[in-house]
Amino acid sequence: MEKILVIGSAGQIGSELTLALRNVYGEGNVYATDIRDAPKDIKKTGPFQLLDVMDDKRLIHFVIRYKITQIYLLAAVLSGNAERLPLQAWDINMRSLLNILDLAREVGIKKIFWPSSIAVFGLTTPKINTPQLTYTEPNTVYGISKLAGERWCEYYHNKFNLDIRSIRYPGLISYKTEAGGGTTDYAVEIFYDAVRNGKYECFLKPDATLPMMFMPDAIRGTIELMETDALKLTVHSSYNLSGISFNPKELSDEIKKIKPGFEITYKPDFRQKIAESWPQSIDDSSARNDWGWKHEYDLKKMTKIMLKEVTVKQRT
Ligand code: VAH
């Protein structure tokens with residue numbers, strides 16, 4: 001019986017991945033944890049406990065007590081926030097991963113998932129159809145921590161035969177949690193402001209094209225990766241994964257098709273420079289070849305669902 005520990009269950013990915021894992025492995029077998037309180041549905045559908053991934057002693061007791069077999073480490077400081085507190089963000093993003101890797105080696109955790117990001121790419125990376133293997137010279141604290149994390153994951157795989165799997169997520173769009181300080185989070189904020197006020201002031205330029213993905217695709221891709229036979233996996237740093245690429249103008253035009261009165265203005269801030277250092281589209285052929293990955297949501301379908309769900313959420 002798999003016993004799964006999710007660290008960061010209150011976050012954008014964790015709040016949805018925890019529920020999806022409970023559907024697959026049984027509610028009582030997926031232990032949701034976070035440093036802060038979790039959404040009601042996480043606490044209602046299975047075990048939840050406050051847990052700080054930086055507290056390695058409490059972490060090891062938890063893992064041994066509940067006989068954990070898999071760990072999903074989703075806690076991290078995202079790009080925008082990381083630039084405000086560089087050394088604290090580096091410490092949190094790296095020490096949390098190293099705590100888990102060493103714990104897994106010590107107690108023999110079968111499988112680990114850790115999210116990387118397209119933030120590992122930088123200004124020297126080809127921007128269109130960015131390959132799996134290419135220049136990775138990130139110039140953000142977040143990107144540097146994700147690149148270093150990928151190197152540690154591959155090191156523990158090669159040296160200790162740890163089965164750790166990772167995805168370079170593009171910008172993720174979801175309605176369950178509000179934006180969490182990322183550069184791509186304009187694509188989440190815009191829906192809340194469109195529903196609440198009918199207008200949005202965007203912190204990126206209208207033509208800032210970035211690789212994005214609707215959360216249901218990201219959750220399915222993560223579970224597909226984790227359920228793939230280890231012998232089929234050829235990437236032990238982190239898999240490129242691609243969904244949709246668009247810019248704020250294209251997204252706002254799609255919103256206007258449903259909400260004609262919606263207005264967008266642009267006031268680029270420090271995150272514009274971060275966005276300019278990232279790719280515009282991603283080549284995910286390794287994921288397609290290794291486990292048959294294919295995204296399902298396009299910009300039109302995602303926009304329709306986001307507006308509907310955010311409208312419902314604003315009413316409750
Ligand atoms: C961020 N949402 O903006 C994250 C993501 C590709 C970006 O990793 O920081």
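**View 1. The largest pocket and its lining.** Out of 42 residues lining the largest pocket, Leu74, Ala75, Ala76, Val77 and Leu78 are the ones nearest its centre. This is a predicted model, where local features need pLDDT of at least 70 and side-chain atom pairs count only at pLDDT 80 or more, while totals for chains, interfaces and linings use all residues. Residues are numbered from 1 along each chain as its sequence is written, and side-chain values use heavy atoms, with hydrogens and water left out. A pocket here is an open set of points on a 1 Å grid over the protein atoms alone, where a 1.4 Å probe fits and protein lies on both sides within 12 Å along at least five of seven lines; lining residues have an atom within 4 Å of a point. The space inside comes to about 870 Å³, counted as what is filled by probe spheres set on the points.

View 2. Helices (H or I, at least four residues) and strands (E, at least two) are DSSP runs, numbered from the N terminus. Sorted by class, the lining has 21 nonpolar, 15 polar and six charged residues. Domain 1 and domain 2 each provide at least three of the lining residues.

**View 3. Threonine 130, tucked into a loop.** You'll find Threonine 130 in the loop between E5 and H6. Is Threonine 130 buried or exposed? Threonine 130 is buried, with a relative accessible area of 0% (buried means under 20%, with a 1.4 Å probe and protein chains only). Not counting residues up to four places away in sequence, Threonine 130 touches Phe121, Thr125, Asn240, Pro279, Ser281, Ile282 and Asp283 (contact means heavy atoms within 4.5 Å).

**View 4. The largest nonpolar core.** This core has 42 residues, and Ile173, Tyr186, Phe191, Phe246, Leu251 and Met302 have the most contacts inside it. A nonpolar core is a set of buried Ala, Val, Leu, Ile, Met, Phe, Trp, Tyr and Cys residues joined through side-chain atoms within 4.5 Å. Helix H7 (186–197) is one of the elements giving two or more residues, and the largest share, seven residues, comes from H7.

**View 5. Where the two domains meet.** The chain splits into domain 1 (4–171 + 213–240) and domain 2 (176–212 + 244–279 + 297–315). Their C-alpha centres lie 25 Å apart, and 29 residues of domain 1 are in contact with 23 residues of domain 2.

Methods: Nonpolar A, V, L, I, M, F, W, Y, C, P; charged D, E, K, R; others polar. Domains from an automatic or database assignment. Buried < 20%, exposed > 50% of the residue type's maximum accessible area, 1.4 Å probe, protein only.
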